[in-house]
Amino acid sequence: MLLALSSLATGFALASATSASKLAWWRFAGACGRAAGSDDAPMKTILLGKSTLVSSRLAYGCWRIAGTWEPAHVTAERAEHGQAAIVAAYEAGYTLFDHADIYCDGVVEKLFGQVLREVSGMRERILIASKCGIRKAGEPEAQAPYRYDFSAAHIVESCEQSLRRLGVETIDLYQLHRPDYLADPAEVAAAFSQLKASGKVRELGVSNFRPSQLIMLQRACPMPLVVNQVEISLSRLEPFHDGTLDQCLAEGITPLAWSPLAGGKLASNLVADMTDPLHARKLKLQDAVEGLARELGVSRAAIALAWLLKHPSGIVPIVGATDPEHIREATRAADLSLSRAQWYRLLEAAYGQRLP
Ligand SMILES: NC(=O)c1ccc[n+]([C@@H]2O[C@H](COP(=O)([O-])OP(=O)(O)OC[C@H]3O[C@@H](n4cnc5c(N)ncnc54)[C@H](OP(=O)(O)O)[C@@H]3O)[C@@H](O)[C@H]2O)c1
């Protein structure tokens, strides 16, 4: 299947995918969540919160796909690489794709929208998540600082802009990106109700919310908040003891884990840094992950993701790799089931000491 990509309104031009090698990764039309010709079963799935949305066990995060945070630096080559990553994720069985209005200032959603238009049947087979609530400095007026904005007007407007960039009628899961210090729960609830009633979003959720902030908003909202997207990994354990995962279990909220590989650190070799007081601990963790990876014959990335998948709250790690091989390899996590002993061995290594 050949992509004939047109120029984007943001001013960068995308090259048409014409070479045989490029054709290879587009030639999968009709593949239902797995690479054409693959014998593998589809990725396991999970229901998101108290909703009917069915997601693949691992989600794919689109944050890095433009290869830069600056729209002006998005070259045709970067755009092509990013779009290849999206297709690789789709082929590999990921069905939940995470976005935000601020990812490369909207360019990521546009790149994704182009792929959706080119890949027949993809929209119907996937869930699209996006976020709003972070505003750039200098917008709309020059003096405005970088800030959070959960005003109803901003939530609704940002959603409408995302819909336009993605070229879709509905966003399946719409999340508030980071808690706004000035948020009025009743105002947010009104905006959510409006978006849901108009069919612009199907379900709503939050990101980076403390349990108390989630309760406060949930009390004002007529619809269940289905996810809390937070940073969780073997290198970021706070959600295990700050009440976040307890709340997810108690209230039937799905935790989405961002940076599940700590931005790649859990999958790559540590650079020796003797000035880092945590270096020895990080090395121990690396060794523990590496040891288990060898034992089970998978990558370190798969181990770190499988470790998250074991938690009974149903953590959905959001994989952020852009290298197709990394994207595919990560899916092996969905078929791994770590034992309690293996899980605790990694926890102990992550803490750097025996549990009390
Ligand atoms: N809500 C929030 O506040 C928030 C914040 C940050 C992120 N997010 C979401 O979370 C998603 C994931 O975040 P993330 O990108 O930081 O996740 P991540 O999966 O922890 O990190 C991705 C990085 O890991 C590297 N990597 C993956 N597998 C590897 C392997 N086997 N060997 C070596 N390197 C490997 C990738 O390199 P390659 O690109 O070369 O594959 C990429 O640079 C984002 O896309 C976004 O949707 C949300």
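The model is predicted, so to speak of a local feature calls for a pLDDT of at least 70, side-chain atom pairs count only at pLDDT 80 or more, and totals for chains, interfaces and linings use all residues. Residues are numbered from 1 along each chain as its sequence is written.

Let us begin with the protein chain as a whole. It comes to 13 helices and 12 strands, where helices (H or I, at least four residues) and strands (E, at least two) are DSSP runs numbered from the N terminus. Of its 356 residues, 42% count as buried; a residue is buried if 20 or more other C-beta atoms, placed from the backbone, lie within 10 Å of its own, exposed if 12 or fewer, and partly exposed in between. Two residues are in contact if their C-beta atoms, placed from the backbone, lie within 7 Å. Among the contacts with a separation of 6 or more, 76% join residues 24 or more positions apart.

Now look for the barrel. Eight strands close up in the order E3-E4-E5-E8-E9-E10-E11-E12, with parallel pairing; two strands pair if DSSP finds at least two bridges between them. Neighbouring strands of this sheet are turned by 30 degrees against each other on average, direction ignored. Axes are lines fitted to C-alpha atoms, for helices over the stretch in contact, and angles run from 0 to 180 degrees between N-to-C directions.

Next, follow the chain to Gly-106, in the loop between E4 and helix H3 (107-118). Is Gly-106 buried or exposed? It counts as buried because it has 22 C-beta neighbours inside 10 Å. Leaving aside residues up to four places away in sequence, Gly-106 touches Asp-101 and Arg-165. Gly-106 and Arg-165 are 59 residues apart in sequence, yet 7.2 Å apart in space, C-alpha to C-alpha.

H3 and H5 pack at about 45 degrees, with axes 7 Å apart. That makes H3 oblique to H5, since angles under 35 degrees count as roughly parallel, over 145 as roughly antiparallel, 65 to 115 as roughly perpendicular and the rest as oblique. Here Glu-109, Lys-110, Phe-112, Gly-113 and Leu-116 in H3 meet Ser-162, Arg-165 and Leu-166 in H5.
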